[in-house]
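Here are a few notes from a pass through this one. Have it open while you read.

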Amino acid sequence: MAYNTFLDNSSTVLSSSHTHLLFSGIMFLPLCLCLSDLFSSLFFSRLFSVCVFTGIPLLCFLVLLPLNIPWSQITVTWLGVVHFLACLSPQLGSVVYHLFMNHEGGEPVYKTLLTLDMCGICMINTLGALPIVYSTLLCYPFTRTVALVMYILLSSYAIYCAITARSRVRRLRSFAWQALFRFSFFLLRGVGVGGGSPTSLRHFLTMDALAVVGGVINITRIPERFRPGLFDYWCNSHQIMHVLVVGSILYLHWGVLDDLLWINTYHCPTD
């Protein structure tokens with residue numbers, strides 16, 4: 001199909017075979033492209049703007065994060081590795097999803113890509129929290145192991161709920177139990193029971209706040225619901241959500257770095 005085929009609420013009726021591409025009430029995407037055409041479609045304004053908000057952060061995280069993690073000062077190396085993978089996963093899933101979502105394979109391909117995108121979000125919720133749980137329960141090895149296993153099992157259920165959800169609201173709800181689990185560890189730190197760097201808690205609270213605000217903006221379609229057509233290419237809710245997600249990942253990174261360095265210097269009290 002030619003590149004100049006676009007969906008517009010005012011001029012084109014969305015066919016039943018293309019409803020999966022409807023986005024924010026309007027979708028400016030070339031439909032049913034083969035693989036070679038998909039890469040050329042990156043130069044369309046809509047897809048180009050998406051790549052700005054997803055592709056550039058992915059490249060920055062891929063190159064800069066390993067250089068910013070003080071590997072020589074980390075005593076528990078696997079925490080640094082899972083943290084790095086956690087920061088990459090949502091951006092990688094998002095880039096692949098947005099690039100190939102209008103593939104000629106149609107809705108089956110789109111659903112597979114959406115599942116991949118959801119898995120990326122679930123991965124940062126899962127892997128991203130493991131250093132937090134580990135640091136909070138540093139001085140309680142058995143409890144720490146049980147908590148890590150419980151969180152992984154809970155996250156597996158969250159992934160299932162997210163990829164089978166039939167609406168954006170239900171997908172957002174899928175991550176609620178993970179958020180509550182993390183918040184319980186923030187509470188332990190706040191009352192002085194749990195461990196962790198004194199400076200990391202505010203980073204983690206900011207992280208979750210940005211993620212929640214981004215999710216709410218995305219499902220409520222602010223600001224385009226108030227001025228339809230004005231924000232089709234730039235500054236729409238989906239793009240704002242992506243910016244807030246990047247900010248959330250940065251705060252996760254800063255908080256985890258504080259914790260990893262804290263682990264290296266902290267000595268648990270002996271009974």
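**Notes on the histidines and the aromatic pairs**

1. Start with H98, which sits in helix α3 (residues 77–100). Bear in mind that this is a predicted model. H98 is buried, at a relative accessible area of 5%.

2. On to the rings: the whole structure has 6 aromatic pairs. One of them is F186 with F204, a stacked pair, because the centres are 5.9 Å apart and the planes are at 10 degrees. F186 comes from helix α8 (residues 176–190) and F204 from helix α9 (residues 200–220), so the pair ties together parts 18 residues apart in sequence. Both partners are out of the solvent's way: F186 is buried at 4% relative accessible area, and F204 is buried at 0%.

3. Y251 and W254 have ring centres 5.0 Å apart and planes at 80 degrees, so this pair is edge-to-face. Both residues lie in helix α10, 3 residues apart, or about one turn of the helix. Y251 is partly exposed, with a relative accessible area of 27%, and W254 is partly exposed at 36%.

4. Two last things to look at. Y151, F181 and F185 are linked into a cluster by ring pairs. R144 lies over the face of Y134, 4.3 Å from the ring centre.

Methods: Residues are numbered from 1 along each chain as its sequence is written. This is a predicted model: local features need pLDDT of at least 70, side-chain atom pairs count only at pLDDT 80 or more; totals for chains, interfaces and linings use all residues. Side-chain values use heavy atoms; hydrogens and water are left out. Helices (H or I, at least four residues) and strands (E, at least two) are DSSP runs, numbered from the N terminus. Buried means under 20% relative accessible area, exposed over 50%, partly exposed in between (1.4 Å probe, protein chains only). Rings of Phe, Tyr and Trp (its six-membered ring) pair if their centres lie within 6.5 Å; planes under 30 degrees apart count as stacked, over 60 as edge-to-face and the rest as tilted. A charge sits over a ring if NZ of Lys or CZ of Arg is within 6 Å of the ring centre and within 35 degrees of the ring normal.
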